[in-house]
Number of protein chains: 2
Amino acid sequence: MPRPPLLSDVAAAAHVSITTASRALDPNSDHPVKPRTRERVQAAAARLAYHPNPMARALRARRSPTIAVVVHDVSDPYFAEIVRGATHEASTHGFLTIVCNSDRDPATELRYVQMLCLNRVGGVLFAGGGLEEPAYRRELRGYTQSIGEYGGAIVALAPRAESWAAEIPDNRGGARMVTEHLLSLGHRSIAMIGGPPFVRTSRERELGYLAAMEAAGAAPWVTTADFSRSGGADAMSRVLARRERRITAVFVATDSMALGALSELRRRGVHVPDDLSVAGFDDIPGLDFVDPSLTTVRVPMAEIGAAGVSRLFGLFDGKPGRPRIRVHPVDLVVRDSTSAPRPTRAVRLRLTSSPASALTTTRHRR
Amino acid sequence: MPRPPLLSDVAAAAHVSITTASRALDPNSDHPVKPRTRERVQAAAARLAYHPNPMARALRARRSPTIAVVVHDVSDPYFAEIVRGATHEASTHGFLTIVCNSDRDPATELRYVQMLCLNRVGGVLFAGGGLEEPAYRRELRGYTQSIGEYGGAIVALAPRAESWAAEIPDNRGGARMVTEHLLSLGHRSIAMIGGPPFVRTSRERELGYLAAMEAAGAAPWVTTADFSRSGGADAMSRVLARRERRITAVFVATDSMALGALSELRRRGVHVPDDLSVAGFDDIPGLDFVDPSLTTVRVPMAEIGAAGVSRLFGLFDGKPGRPRIRVHPVDLVVRDSTSAPRPTRAVRLRLTSSPASALTTTRHRR
DNA sequence: TTGAAAGCGCTAACAC
DNA sequence: GTGTTAGCGCTTTCAA
């Protein structure tokens with residue numbers, strides 16, 4: 001196989017100059033080209049199987065046909081799903097997707113963003129939350145600013161302090177919804193295992209929980225953990241250790257932590273949902289296969305990844321899109337890990353007085 | 001912030017030509033440069049925070065400082081781990097990593113590889129197995145060949161028909177090991193749920209199982225499924241439906257399928273490991289948190305991803321590395337899903353009595 | 001030891 | 001409508 005065909009080959013084959021060939025092949029060009037000439041060029045290009053060299057283009061356009069996704073951890077199903085959605089969408093635009101795994105380390109993330117900036121990627125998706133730390137934010141700002149200067153776009157897929165365009169799940173609404181589900185089953189004593197307090201997603205989910213609890217006149221109780229399975233397990237121990245009041249249900253801020261929590265409960269012989277109801281958040285793949293299958297809030301992760309990419313392309317074309325922050329609706333998915341609390345006297349009273357037809361209202365959208 | 005500094009800025013600041021500046025800054029250049037000049041240039045570069053433009057370099061070098069990983073599905077923990085290992089290693093070399101998600105669709109994979117080829121990526125890691133289909137192989141060969149022609153490297157991370165350099169897990173040895181573990185516990189009637197027969201990884205794992213069974217004089221029995229959880233669940237039904245001979249243990253070719261199999265057993269009230277021992281393969285993250293925790297074969301997925309990238313860099317430097325196929329050792333990880341077989345009677349009772357009562361307990365299956 | 005000049009493959013002023 | 005020319009930012013002949 002000889003060297004790949006160049007634009008000059010096409011031009012020669014069609015008996016036109018390189019410029020004309022370029023124009024005839026560029027669909028976005030508004031420069032006039034005689035229809036017959038265009039045809040000839042296109043035919044030649046097709047015959048030679050010509051494909052423009054993206055690097056030469058990129059050098060000239062000062063921007064490469066790639067987008068990047070910055071995640072905390074690709075092995076986390078939440079981020080993996082986002083990456084899947086994003087790569088798919090990007091490929092439909094003829095863009096390649098670079099994945100940067102920060103390992104939750106600010107320095108690593110910063111190094112990546114610098115490389116992205118140097119490489120003039122078309123756009124960057126920040127899939128996870130950012131630190132509030134001033135030094136980090138300042139340096140990040142420097143890079144993202146220069147990305148903006150050469151025409152690159154930035155979109156956040158989680159709530160952040162930076163005022164970027166964003167495509168985020170309805171964390172607060174979802175948390176309220178799942179808490180209300182628990183309340184409607186008759187639970188009053190509902191604890192929450194939240195994510196790290198300095199992450200905005202954690203805060204939003206906590207706010208939803210608090211709002212629902214307050215509206216119901218129930219007393220909230222929150223403990224936090226990192227987003228890991230083992231963190232969830234440890235937090236669950238803390239919930240169980242609490243003696244002031246018997247907890248009958250726990251809302252866990254992410255499915256990963258909920259999985260850890262479930263395993264801890266199993267270890268201790270606490271039956272779910274009979275002894276304790278547990279609900280998660282995200283609906284990562286495979287929850288149908290755990291025992292008991294986990295009630296959770298479905299976040300359209302892949303769709304959010306794809307929407308982020310679409311947003312990026314919108315920004316290229318100069319349309320910022322409003323609102324700046326687009327919130328994606330989430331669904332409550334009721335499975336087997338939640339049920340009415342075990343009939344202690346007080347609880348039974350409530351159940352009989354209020355028609356708790358919870359299961360019929362399970363899949364409302366917001 | 002003004003425009004990023006160019007090599008010409010550095011040259012001007014150091015009072016040398018851009019040629020000299022380029023040479024002074026290039027560590028691989030063997031062209032002589034007076035030490036004092038070099039120092040001056042380096043100082044200027046540091047002062048201006050100069051970073052060479054990768055796109056300009058790439059255009060000239062006809063190769064970009066990126067590698068790509070082609071996976072079947074990033075959401076599959078197996079591939080996600082490989083991606084994690086690969087991106088990490090690539091970043092230590094200053095390379096960015098492109099992720100291509102084929103969705104197990106040959107046409108999609110082919111489109112991606114073409115884009116990679118056009119974009120002159122430095123190297124490509126094929127993380128999954130390939131099809132045997134001639135048309136697919138021919139077209140793929142065309143692309144990979146031209147990748148080779150411009151100096152790009154290719155490495156496989158799973159056994160393939162193509163004669164590329166490869167870094168693969170010891171599928172056969174691992175399968176033998178886990179089957180021997182089952183045999184040593186006293187099992188004789190061990191079924192296997194294999195992967196798709198046209199995937200080499202499946203075949204290798206099956207070969208390991210068969211070898212162990214044969215060596216023990218035990219009769220093998222294999223059924224296959226795609227690599228999904230639901231496929232594993234269905235296959236487990238088939239195992240249980242088998243009546244010719246009582247199965248006491250099942251080796252499942254991947255953890256994902258094993259997870260599906262476990263959920264099916266739970267649904268039917270078959271206790272693991274008392275009624276049936278189950279072992280998987282891969283050791284994807286989170287297996288400690290399922291119930292019962294799964295005995296499996298640990299594949300160093302992230303290490304294989306990283307080794308693939310190292311291999312790529314070795315190939316750049318012209319050292320093919322031998323052997324062409326490097327096999328990574330795997331470990332048996334014994335957890336709670338395997339134990340000695342129960343006395344005959346009890347098992348038969350459970351197995352025959354369970355299926356009917358099972359269906360009532362399922363709710364949300366997809 | 002240094003520098004001038006010619007590209008890498010493409011796009012876009014600016015003529016004609 | 002078409003072509004000529006000048007770069008995008010860098011590396012590498014070739015000459016001095």
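This is a predicted model: local features need pLDDT of at least 70, side-chain atom pairs count only at pLDDT 80 or more; totals for chains, interfaces and linings use all residues.
The relation between the two chains is considered first.

The contact between the chains draws 46 residues from chain A and 47 residues from chain B. On the side of chain A that touches chain B, two or more residues are given by each of α4 (54–61), α5 (77–92), β2 (96–101), α6 (106–118), α7 (134–149) and α11 (255–268) of chain A. Of these elements, α5(A) provides the largest share, with eight residues. When the residues on this side of chain A are sorted by class, 21 are nonpolar, 15 are polar and ten are charged.

Within chain A, helix α8 (residues 171–184) and helix α9 (residues 200–215) have axes that come within 7 Å and cross at roughly 40°. The two helices, α8(A) and α9(A), are therefore oblique to each other, and the crossing in which α8(A) passes α9(A) is right-handed. The contact involves, among other residues, A:N171, A:R172, A:T179 and A:L183 of α8(A), together with residues of α9(A) including A:T201, A:E204, A:Y209 and A:M213. The residues of this contact between α8(A) and α9(A) comprise seven nonpolar, six polar and five charged.

The backbone sites are described last. Most residues other than glycine have a negative phi, and most peptide bonds are trans. In chain A, the peptide bond from A:V272 to A:P273 is cis, with omega near 5°, and A:P273 is found in the loop between α11 and β9 (277–279). A cis peptide bond also joins A:D291 and A:P292, where omega is about -5°; A:P292 lies in the loop between β9 and β10 (296–298) of chain A.

In chain B, B:R120, although not a glycine, has a positive phi of about 50° and is placed in the loop between α6 (106–118) and β3 (121–126). B:R120 is buried, since 22 other C-beta atoms lie within 10 Å. B:D283, likewise not a glycine, has a positive phi of about 60° and occupies the loop between β9 (277–279) and β10 (296–298) of chain B. With 26 other C-beta atoms within 10 Å, B:D283 is buried.

Technical notes:
Residues are numbered from 1 along each chain as its sequence is written. Chains are lettered from A and ligands numbered from 1 in the order in which they are written. Axes are lines fitted to C-alpha atoms, for helices over the stretch in contact, and angles run from 0 to 180 degrees between N-to-C directions. Helices (H or I, at least four residues) and strands (E, at least two) are DSSP runs, numbered from the N terminus. Angles under 35 degrees count as roughly parallel, over 145 as roughly antiparallel, 65 to 115 as roughly perpendicular and the rest as oblique. A crossing is left-handed if the near helix is turned anticlockwise from the far one by less than a right angle, and right-handed if clockwise. Two residues are in contact if their C-beta atoms, placed from the backbone, lie within 7 Å. Ala, Val, Leu, Ile, Met, Phe, Trp, Tyr, Cys and Pro count as nonpolar, Asp, Glu, Lys and Arg as charged, and the others, Gly among them, as polar. A residue is buried if 20 or more other C-beta atoms lie within 10 Å of its own, exposed if 12 or fewer, and partly exposed in between; C-beta atoms are placed from the backbone.
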